[in-house]
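Biologist: I'm new to reading structures, and I'd like to learn it feature by feature. Can we take one up together?

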Amino acid sequence: MACAFAAEKLSEGVQCDSTKPSVPHRLNIDLLANQEEKMFVGDSVASLNEPMNVGFENVSYRVAEGFFNRGTKLLLNGVSGECMAGELTAIMGPSGAGKSTLMNILAGYTTGATGQLLINKELRHEDSFRRQSCYIMQNDQLQPLLTVMESMNVAANLKMSTKISQRKKKERIEEILHTLTLWEHRKVRTQSLSGGQRKRLSIALELLKNPQIMFFDEPTSGLDSMTSKQCVSILKDLASTGRTIICTIHQPSALIFEMFDHLYVLARGHCVYQGAVRQLLPYLSDINLICPPYHNPADFVLEVAAGDLGDHFAALLDRSANGTRDDWREIKKQNFNPMAACSSKTIQQSRLTPLNIPQVIFRRMKSSDRDKTTTCCESEYATSSLHQLLVLIKRNYIILSRDRTLTYSRIATHVTIALFIGYLYYGIGIEAQNMLNNFNYMYFSVMFLMMTAFNCVSTTFPSELPIISKEYFNKWYSLKSYFLAVTLADVPIQVIATLLYSSITYILTKQPTDEPYRIAFFMFMCVLVSLVAQSFGLLIGASMNVKNGVIFGPFCFLPFTIFSGFFVQYSAAHPFFRWIFHISFLKYGLEGLVLAVLGYGRGKLPCEADYCHYVHPRKFLRNMDMDTADYWLGVSFMICLIALIRIGAFCALSIQVRSRG
Ligand code: ADP
């Protein structure tokens, strides 16, 4: 009776036990926020506080391998098990046993496994499941140039409904940062955080959405023993609030090992133990595997599973029935009791929010129906695409404003090279005897703008891919919003750098200034060339890793360079290759610059030498096969090219991000 009353009170956001120390205001505020979230996110759906037990039955997973992928390798072989809400589950096993594979399958990161994935014994709906769960990967993928507070703000604005007020979001951020002892580090950039702080921030970011199920891949890897213990005790506290916490762990200390409630041991892709941590040694001793005194049970079970103490694999497998037997569980099939949450140390200290978010409907369905049920649920993301775009653009501007390479050195390079080229070709624009030098200057400009724009962005996606994969998988935003934000954020910087280069060189080389449209045409064409190259950079970056991009990127510009009209003119080229001129954006770029400076009926140029071959600009245009060139045709071609390549880059990025799952 008392327990039921307490549970009721808890779900109302009221302190559950009057004998316990008073819960400070912060917790109540937080619960109100969740009620508010409930109204907006899932008012139509059912009950609160229902535990979500993550089950799996007869799960197998194969990968293709060998020559032409003709062979297959079985990584998991019909494993079963259940991780209960309110419990901290550890998946353990020797290296190569299949821990990460199982974790990725349970988290939904890897698809293609056979068998059944269940929630509360019913087949799970993947989309709903992903909204209620989060996956915190081994390498904390954080934006290095953002501070802790900025990262939290971005996450809150993406993961929490826009209908929740900024004040409530702030309060929730503050609560979580205090809980995870990150408040004093809120102004520190994530690149300067210690390993433990980075891990806590990763948890904090995901807690904003109050997930019911949390997966952690090796949460203690790279942490010292003290920090590992702190990290696992945070996970334990999270579990005691009713969440289902599942993590893979490799060789925990005895102290950390006994903090886990439930243990799932894998060996050679099979389950060799499933049950309570405290039942492990009796389980092993029943088959004459006695853990020596003063020996860490975690090390002992790993040695047994790895076969270091003899081949006991068959006996273990027989005993655990590949995870289908649960005789060694201590809380047998008992649902999470919210009363337990009240007694949680963390909650008593007003820290973590008891699980209090709407339960998504998990319909009973056949596995073949799994993909047809997407219509049953609400929108995939907490915020609209436009809102995501605005938040991500803001985030990118903060990052760019702090990124010395992408912003400051790009601008500095353009200005330095512009001054160098400007003085190298000083005043050539008004002298007939320097017509060819002027042409060289324009060709150099096209090449320089192309290479710098390409190089600056070709590493953007490869370096961000792990972060995007994590955030996209945890449903922070759609790829469309991310892609638009990245591309839109970089455009102004590239345009500014290009305008700086072209204006400095234009003035120093003394190109015509009496007709302003020539200046505008020149600058506009420079900007278009750099935007096409930038689009290529995005495409290459989205399609391959940095190493391949460095080799393949310049190589894909080669045809454009050869058929730009600088090395060989259209009329002199072999007819077989002439079509390439029509698709070479460098040819349109070079033509555009030449036309802007020398076209449109520009008059004779003064000649101070004994003989000047190109006194009439028209003669020069004729010799270069540019007398019939059309500036606006080039502009149209390049605008279409920018759009096409960016669509290609988006598709390549989607494939990359999805294939990482
Ligand atoms: P654990 O996390 O327990 O160390 P994993 O789940 O990462 O093990 O991998 C289990 C086994 O499957 C390992 O032997 C690994 O080499 C193999 N494996 C994983 N992915 C692939 C793959 N794509 N192709 C071939 N073998 C793989």
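Biologist: Is K121 buried or exposed?

Modeller: K121 is exposed, because its relative accessible area is 51% and the word "exposed" is used for values over 50%. Keep in mind that this is a predicted model. As for its place, K121 sits in the loop that runs between β4 (114-119) and β5 (122-123).

Biologist: And what is the phi of K121?

Modeller: Start with the general idea: most residues other than glycine have a negative phi. Now the case here: K121 isn't a glycine, and yet its phi is positive, near 75°.

Biologist: What about D625, what is phi there?

Modeller: D625 isn't a glycine either, and its phi is also positive, at about 60°. You'll find D625 in a loop, the one between α24 (617-623) and α25 (631-659). Its relative accessibility is 24%, so D625 counts as partly exposed.

Biologist: Let's turn to helices. How many of the nine residues of α3 are buried?

Modeller: The general idea for helices is that an α-helix has 3.6 residues a turn, so residues three or four places apart point the same way. In α3, eight of the nine residues are buried, so the rest of the structure largely encloses this helix. The buried ones are K99, T101, L102, M103, N104, I105, L106 and A107.

Biologist: Which residue follows α3, and what is its phi?

Modeller: That's G108, with a positive phi near 85°.

Biologist: Now the ligand. Which residues surround it?

Modeller: To read a shell like this, begin with the list of residues and then look at single atom contacts. The ligand has V63, K73, L75, P94, S95, G96, A97, G98, K99, S100 and T101 around it. By type, the shell divides into four nonpolar, five polar and two charged residues.

Biologist: How far is an N or O atom in the side chain of T101 from an oxygen atom of the ligand?

Modeller: That distance is 2.5 Å. G98 brings a backbone N or O atom to 2.9 Å from a ligand oxygen, and for a backbone N or O atom of A97 the figure is 3.1 Å. As for cover, the ligand taken alone exposes 570 Å², and the protein buries 60% of that. Two elements, β2 (71-83) and α3 (99-107), each give two or more residues to the shell, and α3 gives the most, with three.

Biologist: I noticed L75 in that shell. Where is L75 placed?

Modeller: L75 belongs to strand β2. It counts as partly exposed because its relative accessibility is 24%. Sequence and space can tell two stories: L75 and G269 are 194 residues apart along the chain, while their C-alpha atoms are separated by 5.4 Å.

Conventions:
Residues are numbered from 1 along each chain as its sequence is written. This is a predicted model: local features need pLDDT of at least 70, side-chain atom pairs count only at pLDDT 80 or more; totals for chains, interfaces and linings use all residues. Side-chain values use heavy atoms; hydrogens and water are left out. A residue is near a molecule or strand if one of its heavy atoms lies within 4 Å of it. A polar contact is a pair of N or O atoms within 3.5 Å; within protein, one must be able to donate a hydrogen and the other to accept it, and residues adjacent in sequence count only if both atoms are side-chain atoms. Accessible areas come from the Shrake-Rupley method with a 1.4 Å probe; for residues, only the protein chains shown count as cover. Helices (H or I, at least four residues) and strands (E, at least two) are DSSP runs, numbered from the N terminus. Ala, Val, Leu, Ile, Met, Phe, Trp, Tyr, Cys and Pro count as nonpolar, Asp, Glu, Lys and Arg as charged, and the others, Gly among them, as polar. Buried means under 20% relative accessible area, exposed over 50%, partly exposed in between (1.4 Å probe, protein chains only).
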